[in-house]
Amino acid sequence: MSASSTQAEPQMNATPLIDVLLVLLTMLIFTLPIATHMVKLNLPHGGPQPPPSTVYLDVGWDGDVYWNGTYLASLDELAPRFASIAVLENPPSLMIVPDKRAPYERVAQVLAAAQRARVQKLGVSPVPD
């Protein structure tokens, strides 16, 4: 027999190790941004305050305007009421509630008057079906 015999030498298969390392690397990439993500919030200071009141401004189907149920003869009566709301430190919310058949022009005029008076808390109620 010759001195050089051909015996198979054991070799380590590195493919499963590489697969495990890639999975661990992928998990690290996905979890690292979540662990370091911070949300900065400006939280209010002081005690709880009562919620501001709400003023309802209804626009009827015929274009009539009602301020908390009180009929207003013209849009000129809205300006002083809007001005009194705009200057308050904790102003009430103004909720405009148009009727389903209310003329769009009248609703737009009410919104424009509120904008001119610089009303900050303004909402438009959805029109029910």
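Arg118 lies in the loop between helix H3 and strand S5 (122-124). Helices here are DSSP runs of H or I with at least four residues, strands are runs of E with at least two, and both are numbered from the N terminus. Arg118 has a positive phi of about 60 degrees, although it is not a glycine. Arg118 counts as exposed because its relative accessible area is 64%. Exposed means over 50% relative accessible area, buried means under 20%, and partly exposed is in between (1.4 Å probe, protein chains only).

This is a predicted model, in which local features need pLDDT of at least 70 and side-chain atom pairs count only at pLDDT 80 or more, while totals for chains, interfaces and linings use all residues. Residues are numbered from 1 along each chain as its sequence is written, and side-chain values use heavy atoms, with hydrogens and water left out.

Now the overall layout. The protein chain has 3 helices and 5 strands. From the N terminus on, these elements run α-β-β-β-α-β-α-β. The chain has 129 residues, and 19% of them are buried. Contact means heavy atoms within 4.5 Å. Among contacts between residues at least 6 apart in sequence, 70% join residues at least 24 apart. The accessible surface comes to about 10,600 Å². Carbon and sulfur atoms account for 60% of that surface. Such areas come from the Shrake-Rupley method with a 1.4 Å probe, and for residues only the protein chains shown count as cover.

Next, the interior. A nonpolar core is a set of buried Ala, Val, Leu, Ile, Met, Phe, Trp, Tyr and Cys residues joined through side-chain atoms within 4.5 Å. The largest such core has 18 residues. Within this core, Leu57, Trp67, Leu78, Phe82, Leu94 and Val110 touch the most other members. Strand S1 (54-59), strand S2 (65-67), helix H2 (78-86), strand S4 (93-98) and helix H3 (104-116) each supply at least two of the core residues. H3 gives the most, with 4 residues. What does Leu78 contact, leaving aside its neighbours within four places in sequence? Leu78 is in contact with Leu57, Val65, Trp67, Leu72 and Val110.

Rings of Phe, Tyr and Trp (its six-membered ring) pair if their centres lie within 6.5 Å; planes under 30 degrees apart count as stacked, over 60 as edge-to-face and the rest as tilted. By this rule there are 2 aromatic pairs. One of them joins Trp67 and Phe82, with 5.9 Å centre to centre and 55 degrees between the planes, and is tilted. The pair links distant parts of the chain, with Trp67 in strand S2 and Phe82 in helix H2, 15 residues apart. Both Trp67 and Phe82 are buried.

Follow the chain out of H2. Pro92 lies in the loop between H2 and S4. Is Pro92 buried or exposed? Pro92 is buried, because its relative accessible area is 10%. Pro92 and Val119 are 27 residues apart in sequence, yet 9.6 Å apart in space, C-alpha to C-alpha.

Ser93 lies in strand S4. Ser93 is partly exposed, at 24% relative accessible area. With neighbours within four places again left aside, Ser93 is in contact with Pro52, Ser53, Thr54, Val55 and Lys121. The C-alpha atoms of Ser93 and Val55 are separated by 6.0 Å, although these residues are 38 apart along the chain.

Turn to the charged side chains. A salt bridge is a side-chain nitrogen of Lys or Arg within 4 Å of a carboxyl oxygen of Asp or Glu. The whole structure holds 1 salt bridge. Arg101 and Asp99 form a salt bridge at 3.8 Å, N to O. Arg101 is exposed at 59% relative accessible area, whereas Asp99 is partly exposed at 28%.

The surface has a nonpolar patch too. Patches are made of residues with over 30% relative accessible area and no salt bridge; like charges are joined within 9 Å, and nonpolar side chains (Val, Leu, Ile, Met, Phe, Trp, Tyr) within 5 Å. Ile18, Leu22, Leu25, Leu28, Ile29, Phe30 and Leu32 form this patch, with about 710 Å² of accessible area together. Phe30 sits in helix H1 (residues 15-36). Phe30 counts as exposed because its relative accessibility is 58%.

Asn68 lies between S2 and strand S3 (70-72). Asn68 has a positive phi of about 50 degrees although it is not a glycine. Asn68 is partly exposed, with a relative accessible area of 43%.
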